[in-house]
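Hi there,

Here is the structure I promised to pass on to you. Have a look at it first, and then read my notes below.

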Amino acid sequence: MKIPLHMAKEKDLQAAGLRAVPEEEKQQALVKGIDQYRQWARSLMVMLETCTKCGACANACHSYLGTGDFNNIPAARADLFRKLYKRYFTWTGKTIGRYIGAEDYDAETLAKWVTYFYQCNECRRCAVYCPFGIDTAEITIAARSIMTALGVVPRFMTGVAANMIKTGNNMGIPKPATIDCCEFMEDEMKEETGLDIKIPVDKPDSDILYIPSSADFFSNVDTMIGVAKFFHAIGANWTIPSTVLEAANFGLLFSMDAMKEQNQRMREAAKMVGAKLVVQGECGHGWRAAKMYTEGANGPAPFGLVHILDYAYQNMDKLKFEKLPWRVTLHDPCNYARAGDIIEQPRELLKACVSEFVEMTPNRERNFCCGGGSGILMDEMMDIRMQLGKKKAEQVKELLPLDFFATPCSICKAQLPHVMKFYGMEDLKMGGVMDVVGKAIVLA
Amino acid sequence: MLLYFVGQVLPYIAGAIFLIGVIYRVAGWLKVPVPFQLTLFPAPTSGAGRIAAVGTEVLLFKSLYNNDKNLWLWAWLLHVSLAMVILGHIVGIYFLMNQFTLIGLSASASQTVSAFLGTVFGLTLLISLIVLFYRRLVNPEVKQLSDPADYIDLLFILVIAITGNHMRLPGVEVDLPAVKAYLGSLLAFGPAPIPDSGVFIAHFVTVMLFMIYFPFSKMLHFAGFLVNRAMLVEAAPVYPTPAGTPLRSSFAGARAPVADSGQAKGVQA
Ligand code: SF4
Ligand code: SF4
């Protein structure tokens, strides 16, 4: 079968500190990888052994709804894994395999895995609707991590991984460029407000370490500006780190080892500036990785950890806004709503900043993914990405006309402009919630 | 000879396989760590809230209700009637259908109510099994998802329900006190011969076979449900990490792969 992804070659793998397992050893390595993972995380075994094939998850998954491909039904996707798991790790699978749907490894196995585990956005919506709470995202995370150890990984992921190793951020931005970019933003703010609003880099003795998304230094500058204005307004002693200019943690999306390593960078950066509080910028899976994985990945953390939207919400009484005359809706990033407990905060901020806030349906923990989640941002996947974004486009279309579409996550911000254009809404303005805060805030 | 095996040996084999099998599999899950909190938000924050959240799932199938009302109705009826039937077996046989005298009914009224409830739940079980079997055949997505075992599981319970309901047919007489005495002897580990009634033996044997089948099948979804739900309502981590919090797994303790080599080590850590 044809894999819709550009896969990493030997040199891509090397740059990411990975290696390919030779073809003839792949089966053995895959079975070994599954064995290690199942003894490492309880979720994998329980979720694989509990599904009753009731099919209730089918219509919960935008990936299936958008592509119509059977293997994108959460239970079918998990079954690609489950069939092998049963065959090699259950007594019934070894003896009466066909009866319980076990299957041998064959030449197609990895092609199918890589194809369909990279059409799962790890959005966890299926977990909300499955009667057992089976979270197919857990199976996807496991499958991707196991495949990466075999050298079966999209080139897009190894490219990000190589940048993470080199610079600590996905875009490969070196420190001098970071400083340039901050100066540029400071000038912009000076021009706009007449105030000296700083974006300090690696400033020692900072109370707060703010970890932006690296994309906020390219395409989403307004988010970073909004954050800087906010910190200025509350008089915070803050800095950004040049060593981990990245709220994202792509490790979660392709390799648990890389996840652990990127998490370690965040801890070291906090230690270096002596921060008591780490504030994470607008990045969905990055927030999940920070909030839910920091303790599990590297043990106890000595600092507080909060999301910028939560932090801004907690400080709302110190802020003054002049409402923008806008009709705005909010896309709940999956990793905020279902995986990160950021649900009401962005709503409260938006309501304070704009004249009309409208909800899309469904919303909050029932929201559909943008279709880019879990780093499915590859150019070669553009057709599939548009199918993955179909549900979102339908949701937004119902609310037109809109002045602004708030999508407070870097992956959503990268995916949704394409989706809106594809579905005939190219004029819609989009950006983060902090962009709106930055525009509505009144500074003294 | 065969009756001796079926009546006095098989029940113990079935009971042992059932118990040991279920415990073995669940223990196999529980001994594996949960390296990261899998809290699914919005999540309850207190112990009572967690119990309430899992409780409404257990009793009402809340997620399924919100998702697919049609499937919910039949799945819920199936499980509720099954629970009632099991409860009815315990209470009805123990009290010889006189259990409702405890709430003030006369003995004959109690037996009528007991028989009525038994029939209602027995038939509900039968019908919901048939509907769910039919659904598996006609819903294209579910059909493609199903393995042979998924049909057999339903048929297996269907056979139990049919043989059970058979005993309620008019004209079929089963000597309830004899059944009670027999089951009592089994539980007291002094097995008496099985009552010589074809319909009872058919029902009893299918239940024994089902108990043997149970731990190897997806019937364990009842336990997976609880283990899974417990992970989804676990408290989210707090930072700074409170002093004395134990490491969640050895992964957290292992040194991070050297920062600038990025060498993937596999997850065994
Ligand atoms: S809803 Fe849950 S149990 Fe039903 S098929 Fe999907 S994953 Fe399996
Ligand atoms: S996590 Fe999201 S994309 Fe993946 S199977 Fe579940 S609903 Fe579909």
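Let me start with two helices of chain A. In α2(A), the residues A:Leu30, A:Gly33, A:Ile34 and A:Tyr37 meet A:Ile141, A:Ala142, A:Ser145 and A:Ile146 of α10(A), where contact means heavy atoms within 4.5 Å. Sorted by class, this contact of α2(A) with α10(A) has six nonpolar, two polar and no charged residues. Here Ala, Val, Leu, Ile, Met, Phe, Trp, Tyr, Cys and Pro count as nonpolar, Asp, Glu, Lys and Arg as charged, and the others, Gly among them, as polar.

A word on where this comes from: it is a predicted model, in which local features need pLDDT of at least 70 and side-chain atom pairs count only at pLDDT 80 or more, while totals for chains, interfaces and linings use all residues. Residues are numbered from 1 along each chain as its sequence is written, chains are lettered from A and ligands numbered from 1 in the order in which they are written, and side-chain values use heavy atoms, with hydrogens and water left out.

Back to the helices, which are DSSP runs (H or I, at least four residues; strands are E, at least two) numbered from the N terminus. Two packed helices are described by the angle between their axes and the distance between the axes. The axes are lines fitted to C-alpha atoms, for helices over the stretch in contact, and the angles run from 0 to 180 degrees between N-to-C directions.

Helix α2 of chain A (residues 26–38) packs on α10(A) at an angle of about 135 degrees, with the axes 10 Å apart. That makes α2(A) oblique to α10(A) (under 35 degrees is roughly parallel, over 145 roughly antiparallel, 65 to 115 roughly perpendicular and the rest oblique). The crossing of α2(A) with α10(A) is right-handed; a crossing is left-handed if the near helix is turned anticlockwise from the far one by less than a right angle, and right-handed if clockwise.

Which helix has an axis that comes within 10 Å of that of α10 (residues 136–149) of chain A and crosses at roughly 130 degrees? It is α8 of chain A, residues 109–117. α8(A) passes α10(A) in a left-handed crossing, and the two are therefore oblique to each other. From α8(A), A:Leu110, A:Trp113, A:Val114 and A:Phe117 meet A:Ile139, A:Thr140, A:Ala143, A:Arg144 and A:Met147 in α10(A). Seven of these residues are nonpolar, one is polar and one is charged.

Now for the two chains together. Their contact takes 81 residues from chain A and 70 residues from chain B. About 6500 Å² is buried between them, with carbon and sulfur atoms giving 61%; buried area is the accessible area (1.4 Å probe) that two parts lose on being put together, summed over both. There are three salt bridges between chain B and chain A (a side-chain nitrogen of Lys or Arg within 4 Å of a carboxyl oxygen of Asp or Glu). A:Lys86 and B:Asp147 form a salt bridge through their side chains, at 3.5 Å from N to O.

Finally, some backbone details. Most residues other than glycine have a negative phi, and most peptide bonds are trans. A:Asp202, however, has a positive phi of about 50 degrees and is not a glycine. A cis peptide bond joins A:Leu400 and A:Pro401, with omega about 0 degrees. The bond from B:Phe41 to B:Pro42 is cis too, with omega near -5 degrees.

Best wishes
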